[in-house]
Amino acid sequence: MKSPSSRTIRSAKTGQFVLTSGRGEKISAVEGMKLSPRMAKVLNHSARHGLSGDERRSLIKEEIGKKK
């Protein structure tokens, strides 16, 4: 039997499934993918500053465009 914490989360407004960052990390781990330290820094920065999805995507695009 599933534990109560493993219940699937749905949006109250739309009824669609909600993919949180924690669940995304678990899915990526199954696929063998791991977040690089460089991208983890960008995502942590955006979470600390409460950036919107569009702002977060633009930061990621800027970081990808930079040379290592």
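In this predicted model, the side chains of R57 and D54 meet in a salt bridge, with 2.7 Å from N to O, where a salt bridge is a side-chain nitrogen of Lys or Arg within 4 Å of a carboxyl oxygen of Asp or Glu. Both residues lie in helix α3, three residues apart, about one turn of the helix; helices (H or I, at least four residues) are DSSP runs, numbered from the N terminus. R57 is partly exposed, with a relative accessible area of 47%, whereas D54 is exposed at 57%; buried means under 20% relative accessible area, exposed over 50%, and partly exposed in between (1.4 Å probe, protein chains only).

This is a predicted model, in which local features need pLDDT of at least 70, side-chain atom pairs count only at pLDDT 80 or more, and totals for chains, interfaces and linings use all residues. Residues are numbered from 1 along each chain as its sequence is written, and side-chain values use heavy atoms, with hydrogens and water left out.

By the salt-bridge rule the count comes to three. R38 pairs with E63, the closest N and O atoms being 3.0 Å apart, and this pair links distant parts of the chain, since R38 belongs to helix α2 (residues 37-48) and E63 to helix α3, 25 residues apart. R38 is partly exposed at 27% relative accessible area, while E63, at 15%, counts as buried.

E63, found in helix α3 (residues 53-65), touches R38, M39 and V42, not counting residues up to four places away in sequence, where contact means heavy atoms within 4.5 Å.

Key: Helix = DSSP H or I, 4+ residues; strand = E, 2+ residues; numbered from the N terminus.
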